[in-house]
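Hi,

Here is the structure I promised to pass on. Have a look at it first, and then read my notes below.

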Amino acid sequence: MKTYLIVGQTNVGKTAFALGFAASLGLRKVEITFMYPDGFATKQLYPLAVAREELVGPRQHKTRSLQSLVLQVPIGKGHRLVKIVDSTGLVEGVHADKEIRRSLTQTLQAMQKADFIIHIIDAAEIGQASEDVPLLTEVERQVAAFAQIRGNYLVVANKMDLAPAKHGLDRLHRLWPNEKILPVSAQDMTGFKEVRAVVARLS
Ligand SMILES: Nc1nc2c(ncn2[C@@H]2O[C@H](COP(=O)(O)OP(=O)(O)OP(=O)(O)O)[C@@H](O)[C@H]2O)c(=O)[nH]1
Ligand SMILES: [Mg+2]
């Protein structure tokens, strides 16, 4: 079973994307395994709407553990199981909160084991960013470089429902002319057909 690790800055929609992907497969319920940095793990079955309500939100660092979902993805005439792992938002430097520091270490360790890294970027944020600041944080650039070398990198431009996102997507295409960038809106559930096609091809 291939593992897809979702990474990106906090609040870009990583959890909304993971749950949106499950919804796009027609699921009404999801079983999520929470793996905490101290080694504790727990499983919970949620109706999707409840998972969205409880696990997605505008507060920074809503997600503080690895949260994995095992999903059946249609491939040709059959199905294949894939593991989608959501993670704590990447931050620059040393975060003041010990719990977040530990979960970031956990994310970086998971990166080494993952078969694919899905980097979620808030395209609306990028579209609004001033021209003279780097589009990505240093830690994101390092993650991208690491994954691009390993050749297991997928870029997802989220929040395409917001007006500045179109310009953000153009800027990302200019930054990475050779990278496939999948535009989605985890809120409006657009773009997931293409995501499913890419995941099916890679699995
Ligand atoms: N407009 C819009 N908002 C979105 C979209 N996806 C997520 N959001 C909102 O963005 C905020 C953050 O979403 P999350 O999925 O919790 O983001 P995250 O990257 O998991 O954040 P952390 O776990 O805190 O690092 C929430 O208020 C979501 O409703 C989208 O496609 N469009
Ligand atoms: Mg989250």
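One term before the rest: two strands count as paired if DSSP finds at least two bridges between them. Keep in mind too that this is a predicted model.

Let's start with the sheet. Eight strands make up an open sheet with mixed pairing, and their order is β3-β2-β4-β5-β1-β6-β7-β8. At the edges are β3 (41-47) and β8 (181-183), each of which pairs on one side only. On average, neighbouring strands in this sheet are turned by 30° against each other, ignoring direction.

With β5 (residues 78-86) it pairs in the parallel sense over four bridges. Tyr4 sits opposite Ile84 in β5, and Leu5 has Val85 of β5 as its bridge partner. β1 also pairs with β6 (residues 116-122), again parallel and over four bridges; there, Val7 stands opposite His119.

Next, two helices. Helix α6 (residues 165-175) lies across β6, β7 (153-158) and β8, and runs at about 155° to β7. Helix α7 (residues 192-202) packs on the sheet too, touching β1, β4 (66-75), β5, β6, β7 and β8, with its direction at about 85° to that of β4.

And what surrounds ligand 1? There are 22 residues around it, the closest being Gly13, Ala16, Thr63, Gly89 and Gln187. Sorted by class, this shell has 12 polar, six nonpolar and four charged residues. Helix α1 (residues 14-24) gives the largest share, three residues.

Cheers

Key. Residues are numbered from 1 along each chain as its sequence is written. Chains are lettered from A and ligands numbered from 1 in the order in which they are written. This is a predicted model: local features need pLDDT of at least 70, side-chain atom pairs count only at pLDDT 80 or more; totals for chains, interfaces and linings use all residues. A residue is near a molecule or strand if its C-beta atom, placed from the backbone, lies within 6 Å of it. Ala, Val, Leu, Ile, Met, Phe, Trp, Tyr, Cys and Pro count as nonpolar, Asp, Glu, Lys and Arg as charged, and the others, Gly among them, as polar. Axes are lines fitted to C-alpha atoms, for helices over the stretch in contact, and angles run from 0 to 180 degrees between N-to-C directions. Two residues are in contact if their C-beta atoms, placed from the backbone, lie within 7 Å.
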